[in-house]
Amino acid sequence: MKAVAPFKEAIDTVIEAGGDAFKLCYQCGVCSGSCPWNLVRTFLPRKLIRETQFGLVDLESDEIWRCVGCRTCVQRCPRGVELVDIMRAIRRIAVEWRAVPASLRTAMTSMGTVGNPWGEAREKRADWAKDLDVKTFTKGTELLLFPCCTPAYDPRARVMATSVVKILNAMGADFGILGVEESCCGESVRKAGDEALFQSLARDNITAFVENGVKKILTVSPHCYNSFKKEYPEFGLEFEVIHSTQYLAELIEQGRLKPTKELNKRVAYHDSCCLGRYNDIYDEPREVLKSIPGIELVELPDSREESLCCGGCAGRLWLETPKEERLSDIRIEQALEVGADVLALSCPYCFLNLEDSLLTMGKGDVLELKDVTQLVVEAIQE
Amino acid sequence: MAFEPKIVGFLCNWCSYAGADLAGTSRMKYAPNVRVIRVMCSGRVEPAFVLKAFKEGADGVLICGCHPGDCHYMEGNYKAARRIPLLKKMLSQFGIEDERVRLEWVSAAEGDRFASIVNDMTKKVKELGPFRNQS
Amino acid sequence: MAKLKLALYWSASCGGCDVAVLDINEKILDVAALADIVLWPIALDFKYHHVEAMPDGAIDVCLWNGAVRNSEQEGIAKLLRAKSNAMVAFGSCACFGGIPALANFNNGAQAFERAYVEAPTNDNSEKVFPQTKTGVAEGELELPEFYDTVLALEQVVPVEYFMPGCPPPVDLILKVVDALATGQLPPPGAVIASEKTLCDECDRVKEEKKISKIYRPHEIIPDPERCLLEQGLICMGPATRGGCGQRCILANMPCRGCFGPPAGVTDQGAKMLSALASIYEVKDDKEIAAMVEEVVDPAGTFYRFGMSTSMLRRKRIVGVS
């Protein structure tokens, strides 16, 4: 008889892939208790970490693709274990061994070839803005607007980018987009384990930014925000990054933007994981919403640090989740329970996921999904 | 000699004991395996009684009370109705089969029902075999 | 007064009780002044043969923590019993079986199968198990016999005092140290805790015990002022001896029952089951079935610490007479 664990080679591979945080874990199980998946099925992060500690992770199992990177576990972990990094490391090994689920592989391939996960042509990246008053960013332009692949290509999420453009123009801001020169920020594929792809996308983007003299970036998506602010500095360069809700909050506080039209809606705000738990941005979107006349802002259960992930982060957007297991369905139910007319969002992935749920649940006539910026645009007198 | 189960029966004074009594006065023939203990109400039957019965050598435990709504003390049989199913779930974790503990509602007029319950339970416990707990 | 002779032994337990003794901090010096410790495997270098060489009754007090689940532990229990004037069952494992006694839902063979064959960290396709005697070139090696059933200390040797708790709280340990110092030990058979239930000690507001749903501890964040049982959490307070300082309650967590049954109660689990079913106010069969579903693991919840001293003691092993 022999002990097959600890399986040193496997453990070393995980450490090399950046997952050495598992060394801190003392198996208390708070992560398993916190993980939102357990609202709809069983998923035990603690068990996966234990298997990692032994070097016994099953790369073929579905469980390694379960984590949505919402960070609820990390926030509550008494030892500060960066579980999302461990999940990422395990997935890196799976990607190297080509053990990636098919639908995710399609999105990754698309990102690698055309710079966006949707399989859309790179040449069409700036089409969303062609009828709008948007110029191309050149050296000397003050602000780079990074729309994110999703608003750029998806007609449903497009309003998130177009709303920001309207505000920027109303403010007379000096901004531009890079259009076909930009690629996906790669935040989700990095969490999904394709480190090489992320590095190549980052290099392409940074080259474009540097060549065009970009200093300040305004993002529409919290994922791009997180990537540029926290991950791109690993490549030695730092840009000033701001999310649209922060920009709006700044304008409103300075009195430069005054929403005046009464909207008369009961609005619940859904904290996106990347804005909230990753970057502690909870107040700015709420300040923005509160400044709109006629809006009654209500809190959802599980809000702010406890916010319930929509289920779209870390590549999960491209993996099939059966109807009974959708966290976004629960979020819609919560919004309906607090009597909201509008569920306000700040992330394109949340937008897609929650909209899917809204439609499949048949609640499109009682609840609306609106981006925070979109609501502000509705409230400014033209 | 064939195995004859020892079944302890907790019968409530007002309905089920009277029902058992009726079976007797009506000269009904039924299995002799139940040892009757009269309690004032099925709600008096604590899970500890059931455990003790098994510990002391019983192969099965029968609890009889008034039909829901007819309890002489109003709520007592509802307590039994909740305790016994939960106890049975726990006993299954102890490897004690479901048929060894049985809760039935028997009214004072249901002598025949009491007899048929005893016959049925005796047959089922006989099939299961002796309890013989390992302690 | 001559120094007392004190022995401490660690049997089938986690070691927390030894840590609890050290938790008395600087008062350990008072203990050292009061007594000579003649056996303490975790801290001092005395061996079994030192104890064997003592005359009977030479040890004044033996603090025994841990349950008994193999022949070595039973042997040492009998040895220390012979050499000690007073045996103290220290901690829930020694008093009631404790967490190790949850192994009574399996037997020795199943435990070995899990540990040596099924565990994912082992490769034991040849199914090699530890043996009580193994011959090697140098002679014969012995291992203790592994019992099917985990026992409390008093099920192996007579015990004078019981200190419940997982581990016993520091203030109760100090109470015993004090009693030893002043020679004012309680009558034999005493449990060094309260004679009442935890509910008596608990400061929370208790209104009406009437629930219609049971929550698992991770499902809600309870109100820190109200009775936890009334909020639908399974708090073992009504069926648990008090005296622990309501430590868990103060941390807003329901009692797990580590102080064992209150005075006068033999089977803690049965009492709690009865109490829970009494206060869950539903009447029809469907609602009752839903209630039963909500108690996910009745045996593990109600007998978490008390399997050895419970009425059934262990899961039935069918087919063994």
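Domain bounds, as used below, come from an automatic or database domain assignment. The structure treated in these exercises is a predicted model.

**Exercise 1.** Determine how far apart the C-alpha centres of domain 1 and domain 2 of chain A lie, and describe the contact between these domains.

*Solution.* 
Step 1. Locate the domains: in chain A, domain 1 covers 8-96, domain 2 covers 102-248 and domain 3 covers 255-379.
Step 2. Take the C-alpha centres of domain 1 and domain 2 of chain A; the separation is 29 Å.
Step 3. List the contacts, for which C-beta atoms must lie within 7 Å. Seven residues of domain 1 of chain A meet six residues of domain 2 of chain A.
Step 4. Classify the side of domain 1 of chain A that touches domain 2 of chain A: three residues are nonpolar, one is polar and three are charged.

**Exercise 2.** State the strand order of the open five-stranded sheet of chain A, and explain why β2 and β6 each have one side without a neighbour in the sheet.

*Solution.* 
Step 1. Read the order of the strands in chain A: β2-β4-β3-β5-β6, with parallel pairing.
Step 2. Consider the edges. β2 (135-136) and β6 (240-243) of chain A each have a single partner strand, so one side of each lacks a neighbour in the sheet.
Step 3. Examine one pair inside this order: β3 (residues 143-146) and β5 (residues 216-219) of chain A run parallel and are joined by four bridges. Within this pair, A:L144 lies opposite A:I217 of β5(A).

**Exercise 3.** Identify the buried residues of helix α14 of chain A and the elements against which they pack.

*Solution.* 
Step 1. Apply the criterion: a buried residue has 20 or more other C-beta atoms within 10 Å of its own.
Step 2. In helix α14 (residues 327-337) of chain A, the buried residues are A:L327, A:S328, A:D329, A:R331, A:I332 and A:A335.
Step 3. The buried residues of α14(A) pack against β7 (265-269), β9 (342-345) and α15 (348-360) of chain A.
Step 4. Inspect the backbone beyond the helix: just after α14(A), A:G339 has a positive phi of about 70 degrees.

Technical notes. Residues are numbered from 1 along each chain as its sequence is written. Chains are lettered from A and ligands numbered from 1 in the order in which they are written. This is a predicted model: local features need pLDDT of at least 70, side-chain atom pairs count only at pLDDT 80 or more; totals for chains, interfaces and linings use all residues. A residue is buried if 20 or more other C-beta atoms lie within 10 Å of its own, exposed if 12 or fewer, and partly exposed in between; C-beta atoms are placed from the backbone. Helices (H or I, at least four residues) and strands (E, at least two) are DSSP runs, numbered from the N terminus. Two residues are in contact if their C-beta atoms, placed from the backbone, lie within 7 Å. Two strands pair if DSSP finds at least two bridges between them. Ala, Val, Leu, Ile, Met, Phe, Trp, Tyr, Cys and Pro count as nonpolar, Asp, Glu, Lys and Arg as charged, and the others, Gly among them, as polar.
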